[in-house]
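Here are my notes on this model. Please read them with the structure open.

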Amino acid sequence: MHRHLTLTWAGHPDPVPLETALISSLCPPLNLDGAAPGPARDRVQEARNTYYASAGPRPAKA
């Protein structure tokens with residue numbers, strides 16, 4: 001990821017439609033929203049579950 005990932009940001013008054021369009025066009029492999037079912041998605045979900053379990057309790061949402 002360090003070799004191939006580029007991180008950037010931009011302010012936008014309504015970012016959700018823009019994010020949805022970017023995710024749809026780029027199909028990032030670690031994004032589960034809209035990902036097709038299959039072994040790769042299952043591995044990412046399992047890794048997330050393991051991470052969240054190891055992180056301990058999360059603060060309550062406001």
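What percentage of the 62 residues in the protein chain do buried residues make up?

1. Burial. Buried residues make up 5% of the 62 residues. Buried means under 20% relative accessible area, exposed means over 50%, and partly exposed lies in between, with a 1.4 Å probe and protein chains only.

2. Basis. This is a predicted model, in which local features need pLDDT of at least 70, side-chain atom pairs count only at pLDDT 80 or more, and totals for chains, interfaces and linings use all residues. Residues are numbered from 1 along each chain as its sequence is written, and side-chain values use heavy atoms, with hydrogens and water left out.

3. Overall form. The protein chain has two helices and zero strands. (Helices are DSSP runs of H or I with at least four residues, strands are runs of E with at least two, and numbering starts at the N terminus.) The radius of gyration is 15 Å, well over the 11 Å from the globule rule for 62 residues, so the chain is more spread out than a compact globule. That radius is taken over C-alpha atoms, and the rule is 2.2 Å times the number of residues to the power 0.38. Along the principal axes, the C-alpha atoms fill a box of roughly 35 × 35 × 25 Å.

4. Helix α1. This helix covers residues 15-26. From first C-alpha to last, α1 reaches 16 Å, close to the 16 Å expected for its 12 residues. The expected span is 1.5 Å times one less than the number of residues. Cys-27 follows α1, with a positive phi near 50 degrees. Pro-17 is in α1 and is partly exposed, at 45% relative accessibility.

5. Surface patch. Leu-18, Leu-22 and Leu-26 form a nonpolar patch with about 290 Å² of accessible area together. Areas come from the Shrake-Rupley method with a 1.4 Å probe; for residues, only the protein chains shown count as cover. An α-helix has 3.6 residues a turn, so residues three or four places apart point the same way. Leu-26 itself is exposed, at 62% relative accessibility.

6. Loop. Asn-31 lies in the loop between α1 and α2. Is Asn-31 buried or exposed? Asn-31 is buried, at 17% relative accessible area. Leaving out residues up to four places away in sequence, Asn-31 touches Ile-23 and Arg-48; contact means heavy atoms within 4.5 Å.

7. Helix α2. The end C-alpha atoms of α2 (residues 39-55) are 24 Å apart, which agrees with the 24 Å that its 17 residues should span. Gly-56 follows α2, with a positive phi near 85 degrees.

Terms used
Patch = residues over 30% accessible without salt bridge, like charges linked within 9 Å, V, L, I, M, F, W, Y side chains within 5 Å. Salt bridge = Lys/Arg side-chain N within 4 Å of Asp/Glu carboxyl O.
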